[in-house]
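The following report describes a protein chain for a reader who has the sequence and the coordinates at hand. Please keep both in view while reading.

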Amino acid sequence: MPAVAIALLLLIGNCLAQAQQNTNTNKFRQLGTELPTPNVYRTASGAPGHEYWQQRADYDISVKLDDERQVVTGSETVTYYNQSPDVLKYLWLQLDQNVRAKDADKQKIKDSEIEHPMKYKQFKELEFDFDGGFNIEHVQSENGKDLPYTIQKTMMRIDLPEPLKPGEQYSFKVKWWYNINDRMDIGGRSGYEYFPRDDNYLYTIAQFYPRMCVYSEFDGWSHKQFLGRGEFALTFGDFDVKITVPGDHVVAATGELQNPGKVLTSKQQKRLKKAAKADEPVFIITKEEADAAEQGRAKEMKTWHFKATNVRDFGFASSRKFMWDAMGVKQSGRTIMAMSYYPQEGVPLWDKYSTKVIAQTIKTYSHHTFDYPYPVAISVHAKSIGMEYPMICFNFGRPEADGSYSKYVKYRMIGVIIHEIGHNYFPMIVNSDERQWAWMDEGMNTFLQYLTEQQWERGFPSRRGPAYKIADYMGGDKSNIMPMMTDPQSIPQLGNNAYGKPAATLNILRETVMGREAFDFAFREFAQRWKFKHPTPADFFRTMEDASGIDLDWFWRGWFYTNDHVDIAITGVKWMKLDLATYESKPGAGNKKTSTQKKPRSSSYGGDFISDMRNASAIKETAVERDPSLADFYNGNHDFELLEVDPSEMELFSSKLTEEEKEAIDPSKNYYEIGFENIGGLVMPLILEFEFVDGSKILEHIPAEIWALDNEKVSKVFVFENELKKVFLDPYRETADTDMSNNSSSSEPIESRFQLYKKAGSWDRKGPNAMQKFKAKQ
């Protein structure tokens, strides 16, 4: 290589190295270029701009369910409104059922290896031969002329005969059919469950029609391929849907039933009216009626007609096995119908809890966001699934055949109903793009789920939400931990990343960083600004800062854009006292021996999670009053060694003080310099519990900005009248610290995070069925 070229390379290398040294890596730098530039559509405050726009699509759908062959056939007329400033030459639709086509990319990209012995599920995946993709029969204009279209895997482009100008609308028709998948065999968000006992099917049907993609100013056409994990981005509109099913089937669906007189008996219609005014669930379809329907096979067909206004999607469930109960929920002068549909296999859990859980969910979510705007909220029981659509969701939680159930099943059922009903708020109304940012709907929803669970019952065994429950994940193998802003298809542990971590993150914001009042106001403002609109992460970040007056750029960067974790250690405690007259050294206790046996912490709060402490007084009444079950937290004692100071230095210092300065200094006070080290990478507030020799305790909260000048090591001097016995960092597990063993000044062992997790999350695992054992003894 010529000498000139070598010199040039060296020069470039030196420039790059210098540029890297000059790069601002401070964790408190403003987000700046990480966020999109504000504009007339989305403002710097996080609100929709004065020229914000979004598209609209109305659907007129007729669909038929073939109960003999398990086939859906349908036709639709879609009217698309171009409310953008752009001219559109083509339209993009989603063909989600194509994810189950034989040649689907989902099957091709699935990572697999041979296990010994091979599980049946793995064998089925390797031998996948089900064809569940859409069969498009035609795409036509409103007057019946064929339109050119191109199917690109799970997407379809329709080429328009004329460009669609701003302010114009265009209607087209699509006809299709597909085979319904057996959910219990190959899985899926929708499909059927077969009951061999009575030879019946329960259908939960969704993504069953070609759906419009979102077209927006920030993303153009949102047509990322559906590969099974990242869910949906959808356009709001009105739906008019006719569902034809066997005459003895009962249908639950998005929207309001338009023809009860044609599909319900007169008694059932009267019960439905009674339920609207009832304080307890009323059966619309009784167990006896469901039992009778199970035994028959109607030859005739019935059409159930539903309409829904301003929704982004439509789903339905159908079966002759359904019992149906309902209750009116009053809110701001309106009545919302909370309704549950379930086979007798769901009794006695579903008839006791489901509808009342819906009512509590609407109450809690509305308090934190906005009034529930839709006329109905439906929970349908379907085994091994939790999935949401506007006004309707499909939920697991099934008792044993003898009617018994474990606590695990009970609380998981209540939790999933809260979660899926809660999805009406996020993303069905606050309509984020799930395929790009799973945390925006799953995480926000899981956070509100946690708040609702605690309103349902004190000490509810929530799986996610508290900060300490995500610590194991955050402190784990970094190759399996992606930043929350990652495409959900590329996240190894989607449950922890898109549900658990953002829920804990929002809890930390609410309890530790912002405070409940500031957080609740800002979060409500975000929800109200963006209901029935398409928010992005930047809109959320900016709104939370705009409405609270708190700079949170350091928090967004660390928690959302990195895979760093919290591990802040106390590195040392120095004890000093002033003596301005004569120097007196007090003997330290640094050589005192400490026991290695664990002793319970004597925290006045018992080492509870911060939300539990505040909820004890903030939640005046729960749906089910019960004593809380809280985990203990341990640490030990520690004494501090008094630092000896040269008397001559002290006398020199004293001689320079004025009389006024001497009076201001109280030599009886104790000065403690405490060092902290940021091991995990995430800067966080320092929450410190000080315990004194006389047994008293105080709590100090130091803002995260203490790390602004040095992101790695800081120290802080505290002044106390009492002599300090020990200090503990993050005593109430507020920050998701992954290593509590370095959070204390004590030399005694701290209970490990794994042990804490086992105690705090004892209901996270399927425990014994105590009810069944009790019945066996009778």
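The model is a predicted one, in which local features need pLDDT of at least 70 and side-chain atom pairs count only at pLDDT 80 or more, while totals for chains, interfaces and linings use all residues. Residues are numbered from 1 along each chain as its sequence is written, and side-chain values use heavy atoms, with hydrogens and water left out.

**The chain as a whole**

Helices (H or I, at least four residues) and strands (E, at least two) are taken as DSSP runs and numbered from the N terminus. On that basis the protein chain holds 20 helices and 29 strands, and 53% of its 778 residues count as buried. A contact is scored where heavy atoms lie within 4.5 Å. Among the contacts in the protein chain with a separation of 6 or more, 77% are between residues 24 or more positions apart.

R510 belongs to helix α12, which spans residues 494-513, and R510 is buried, with a relative accessible area of 6%. Not counting residues up to four places away in sequence, R510 touches H368, F447, L451, G515, R516, F519, D520 and R614.

S319 lies in strand β18 (residues 316-319) and is likewise buried, at a relative accessible area of 0%. Leaving aside neighbours within four places in sequence, S319 is in contact with Y201, L202, H249 and V250.

D86 is placed in the loop between β2 (71-81) and β3 (88-94), and with 28% relative accessibility this residue counts as partly exposed. With residues up to four places away in sequence not counted, D86 touches W53, L164, K165, P166 and Y215. D86 and E217 are 131 residues apart in sequence, while their C-alpha atoms are 9.4 Å apart in space.

Each of these residues also takes part in a polar contact, that is, a pair of N or O atoms within 3.5 Å, where within protein one atom must be able to donate a hydrogen and the other to accept it, and where residues adjacent in sequence count only if both atoms are side-chain atoms.

| Residue | Partner | Distance |
|---|---|---|
| R510, side chain | D520, side chain | 2.8 Å |
| D86, side chain | Y215, side chain | 2.7 Å |

**Strands and sheets**

Two strands are said to pair if DSSP finds at least two bridges between them. Strand β18, which contains S319, is part of an open sheet of 4 strands with antiparallel pairing, in the order β8-β9-β18-β14. The edge strands of this sheet are β8 (191-195) and β14 (250-253), each of which pairs on one side only. With axes fitted as lines to C-alpha atoms (for helices, over the stretch in contact) and angles running from 0 to 180 degrees between N-to-C directions, neighbouring strands of this sheet are turned by 10° against each other on average, direction ignored. Strand β9 (residues 200-205) and β18 are joined in the antiparallel sense over 3 bridges, and I205 has F316 in β18 as its bridge partner.

A further open sheet has 3 strands in the order β27-β26-β29, again with antiparallel pairing. Here β27 (697-702) and β29 (724-729) stand at the edges with a single partner strand each, so one side of each is left without a neighbour in the sheet. Neighbouring strands are turned by 20° against each other on average, direction ignored. Strand β26 (residues 686-692) pairs with β27 over 6 antiparallel bridges, and L686 stands opposite I702 in β27.

In a regular strand the side chains alternate between the two faces of the sheet. Strand β23 (residues 392-395) is covered on both faces, with I392 and F394 buried on one side and C393 and N395 buried on the other. Strand β21 (residues 376-381) runs parallel to β23 and is joined to it by 4 bridges, I378 having I392 as its bridge partner. Strand β22 (residues 386-389), by contrast, pairs with β23 in the antiparallel sense over 4 bridges, with G386 bridged to N395. The hairpin of β22 and β23 has 2 residues between the strands, and M391 takes a positive phi near 70° there.

Definitions and conventions. Buried means under 20% relative accessible area, exposed over 50%, partly exposed in between (1.4 Å probe, protein chains only).
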